Amino acid sequence: MQTVVFLILFPLAAAFLLLAVPRGRIRTIVVSVSAALIALAAIVLTAQVLGREAQFFEAGGHVTDVLIFAAEAALGLIITVISFRRRQYLAAALMLASLIMTVVYEVKLAGEARVTYNLFVDNLSVVMALIIGVIGSLIAFFALGYMEAYHRHHPDVPDRSNFFFFIVFAFLGAMNGLVFANNLLWLFFFWEVTTFCSFFLIGYGRDAVATRNAFLALKFNLIGGLAFSAAICLLTLNAHTVALSELPSAAAGAVLLPVALLAFAGLTKSAQMPFSAWLLGAMVAPTPVSALLHSSTMVKAGVYLVIRLSPVFTFVDGGKTVGLFVALVGAVTFLLASCMAVSQGDAKRVLAYSTIANLGLIILCAGLGGPKLTWAAIMLVIFHAIAKSLLFLAVGTVEHAAGSRQIESMDGLVGYLPRVAAAMIVGIAGMFLAPFGMLISKWATLEGLVDANPILTIFVAFGSAVTLMFWVKWLGKILIIKSAPENIETHVPGTQSVTLGVLSLMTALVCVLFPLVSKYFLEPFILATYSSGYWQNAQNIAILLIMMAVVLILSLPLVFPGQKERSFRPQYLGGANLAAKEKFHGAMGQDIQVTLKSMYLQNIFGESRLFPLGVVSSLILIIIMLGVVV
Amino acid sequence: MSFLPKSPWLVHYDASSCNGCDIEVLACLTPIYDVERFGVLNIGNPKHADIFVVTGSVNEQNKTVVKNIYDQMAEPKVVVAVGACASSGGIFRECYNVSGGVDTVIPVDVYVPGCAARPEAIIDGVVQGLGVLEAKYQEKGKAAS
Amino acid sequence: MNIATTVLAILIYLIAAPLVGGLLAGVDRIISARMQGRYGPPLLQPFYDVLKLWQKENILVNRQQKVYVLSFFVFVLVAGGIMFGGGDLLLAVFALTLAGVFLVIAAYSTFSPYAHIGAEREMLQMVAYEPMVILTTVGMYMTTKSFSSFDIVQEESLLFLRLPFIFLGFLFILTIKFRKSPFDISMSHHAHQEIVRGLTTEFSGRDLALIEVAHWYENVFLLGLVYLFFAAVPAVAVTVTLATYFLEVFIDNNNARLKWQHALGSAWLVTLVLGVSNVILLAFR
């Protein structure tokens, strides 16, 4: 219990401290120490919780409720005022509506539903807390060096890095609160706080684009927030409970609509179609923000909620309507976002689309529920959080060191930034390559889907094929070998190298140790939720591990190339090679440097073609879902 | 024993031929002569090829190209100069832009006479080239040991 | 299935597959020649070619490309080992994909325009056939309730009867996987329709030999998948498997290469129509 409260309140305290601390060495120390403490606390919590049943805590009483209400109202007012000032009337109206709902609820309905246990912790919360604690802290540490470089590269952006770190740490606290909250009112409070954090961080650059995208994110998330508060009101009126843990055992009629609304909120937060636009816009934020909020943690809040609700879909609804439609939205998102990722040249946008796609896959699994798919969903959450944050940070590092984050400009990255490239390769391999990371869970997804709903495997089959394409062409670009590249690794700040190294190591470790992760984290949770477990076939685990070992052995010569005598000749250029490598004698008599560009298939997978399709189809699905439930 | 004579792969380069010899080279692939009976393939990539078949005289423009293609072939390799022009420069020998036969740029192993060279002669030249190929392979083995 | 038989099956695959694959390639070349009015090479010509390549110098553009080619080779073997060892088909397909990725990376790493175009096309081919391959395994699971090739091969009833459309769809993408016209867009065995040598432009000597042998292994792996559709009646299965191969040779000689847009478009269309309809039929039965 103390650890849980510490994990929520300590980051907040650190945040306020950072607001006061000047930049420089003191801030480095404060950030490093508090990040380390948060990570440590998450690990301690793991040790306390693993192997036990879910634990529920009362944690506070009337006073805390009032405090939370006050904080919520205050934050809401601030956001409303900011929106008005920036003439974002829609955002202001949404915020105001949300605020009014909160106040009305507090005045009229608060007494109707009392929750005994406000906080709880089980294996899923621990998994999330570890992601937030360990990866979140690493990213905060990374941001130290990154933000200094960021302000050097963007002299026009006012240095508000105190505020930046304040928000980042406040966010870590809120995120922890979100995963430990059993009381939906608390959960909602933390939910809204993450929305506000995201809003402030996206708008950090303060230019027109950043401001517009910040408000876009705010609007979409506030729509989700409105659905969330509507769900709370309905739950209070119909089921007289706002406890997350009591939903699966509630009566269908009372909770179905609220659960659908909660799932709707989850879809907005995890940027599913038709709400995906905000996550793409959010890529204007500094890269650590993208890594922390928009790939590894905040957007995971959405899927976390849907995973929490998936037993409700199964038990209360029989997996017929809400779960199925949520899964369909996830499936459509997975397919279309994967396709659109192919057409993107900006590495961050590729990552954004891939994030949306993977969240879609998780939603697909969680929507259908059941032991196997829940296993797959949580595995996806874990692998995705680590590998994707690694990729975001690597892209950020390349952007600062080499001046561009276009994939086309990453030709031969292994040559001039070998260590960053290695981190990126680990991340990419973890994202799609058999036998690593995401593929383990994708495999489980396919196996689970065939049993649950074979038709949905079609989405996964097509989506996976396309996924392959955008990762392989990126990987290929990095691995191009050019003659005599100049190593510019020294331009990378130490904090960034360390973070990339640690995250790469973690990606590799989780891949190798996935049977243990499954055994100690996932299986107990699934057993407790569904009273039937899911164990991977031992033979298949063995095959996967053998494959990993083979890849490892085969890659040794890449790391230690050896000095054996080989006969090298330049690439074939129609016989027109010049003595200088990678140049040829052109038809007009001039010397031409070889440049190779990838395919982006704009005519097939372009955003302008697919995005509207995704918005319309998913909107229809959501409307049908809500219509059926009402 | 090597397997080189059993699977000779050709790369054919037209230096500045009048296309007479080129047509005859291609005629070797047709059903009448069908050189694939002997495992001969026209492979189109120097890095895969064993035998470099050059037609036409070499001129100042493509000297480097001939040299580059030759350099990019894997050892052991053989050069067959097909036709009078490739062998000596032929009737273009005295042209201002012609440097002469293929042997002015790269070492030639087999010369095939004719204007244009007949398919039988070309096949015969390639078969002679196989002997050179085998000899070069044995030589390399000796040098290595 | 106990360990001894698994190991035995894998060993037989490792030894026999290149022999079978090489012989089939030899027959392929003779049939192709006859269809063109030629006599054609000896039956063992593919083996001569590979042995010759083994004796040639291996010229490289960079130190790394060898490693990727070797990885490609190893994972093609792993994929076959998983399937012929009675393992999970889905894993076997993933291993084959991994192998394909290594080959593409090998071509990419050389920074050669010709290999680059080949690599991109190979990638497009993977995108084109991958959904159908996955749906094939899904279909097999839906009829036998198992992904294990050992269980599928022991299925009493003919899989083909319940997966007719999936079988047809699989035949379609088999043309891509066998690298046959009209879909041999990344690397063709016929020089007359290739841009230099596509994907393999920058490989020579032993690396090229490895790629060729891997292709034989891959072909046997794919024919093994065809076999599974008819595994209930082994005589029929062997006949159909061979017939499939010669059908592909026939198609190869009757078509010119198409553009990649057609490969991708038609493969996806076929998957959508044949694969998806079969899966839906199975789901609602």
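How many residues of chain C are in contact with how many residues of chain A? The legends below start from that interface.

The model is predicted: local features need pLDDT of at least 70, side-chain atom pairs count only at pLDDT 80 or more, and totals for chains, interfaces and linings use all residues. Residues are numbered from 1 along each chain as its sequence is written, with chains lettered from A and ligands numbered from 1 in the order in which they are written.

**View 1. The side of chain C that touches chain A.** In this predicted model, 53 residues of chain C are in contact with 48 residues of chain A; contact means that the C-beta atoms of two residues, placed from the backbone, lie within 7 Å. Two or more residues each come from β1 (59-60), α3 (65-84), α4 (89-109), α5 (113-144) and α11 (260-283) of chain C. Helices (H or I, at least four residues) and strands (E, at least two) are DSSP runs, numbered from the N terminus. The most is given by α5(C), with 15 residues. By residue class, this side of chain C has 37 nonpolar, 10 polar and 6 charged residues. Ala, Val, Leu, Ile, Met, Phe, Trp, Tyr, Cys and Pro count as nonpolar, Asp, Glu, Lys and Arg as charged, and the others, Gly among them, as polar.

View 2. Strand β3 (residues 567-568) of chain A and β1(C) run parallel and are joined by 2 bridges; strands pair if DSSP finds at least two bridges between them. S567(A) has I59(C) as its bridge partner in β1(C). F568(A) also belongs to β3 of chain A. Not counting residues up to four places away in sequence, F568(A) touches L60(C) and V61(C). F568(A) is exposed, with 12 other C-beta atoms within 10 Å. A residue is buried if 20 or more other C-beta atoms, placed from the backbone, lie within 10 Å of its own, exposed if 12 or fewer, and partly exposed in between.

View 3. Helix α22 (residues 538-559) has 22 residues, which should span 32 Å at 1.5 Å a residue, and its end C-alpha atoms are 31 Å apart, which agrees. The expected span is 1.5 Å times one less than the number of residues. Its buried residues are N540(A), I543(A), L544(A), M547(A) and V551(A). Their cover includes α18 of chain A together with α3 and α4 of chain C. Helix α18 (residues 437-452) of chain A reaches 23 Å from its first C-alpha to its last, close to the 22 Å expected for its 16 residues. In α18(A), 15 of the 16 residues are buried.

**View 4. The largest nonpolar core.** This core has 358 residues, of which F72(C), A79(C) and A95(C) touch the most other members. A nonpolar core is a set of buried Ala, Val, Leu, Ile, Met, Phe, Trp, Tyr and Cys residues joined through C-beta atoms within 7 Å. Helix α15 (residues 371-402) of chain A supplies the largest share, 21 residues. Leaving aside neighbours within four places in sequence, A79(C) is in contact with A92(C), A95(C), L96(C), A99(C) and F221(C). Another core, of 49 residues, lies apart, with A15(B), V35(B), I69(B) and V102(B) among them.

**View 5. Chain B.** Chain B has 4 helices and 7 strands, in the order β-α-β-β-β-α-β-α-β-β-α from the N terminus. Of its 145 residues, 53% count as buried. Chain B meets chain A through 8 residues in contact with 5 residues of chain A. Those on the chain B side are 3 nonpolar, 3 polar and 2 charged.
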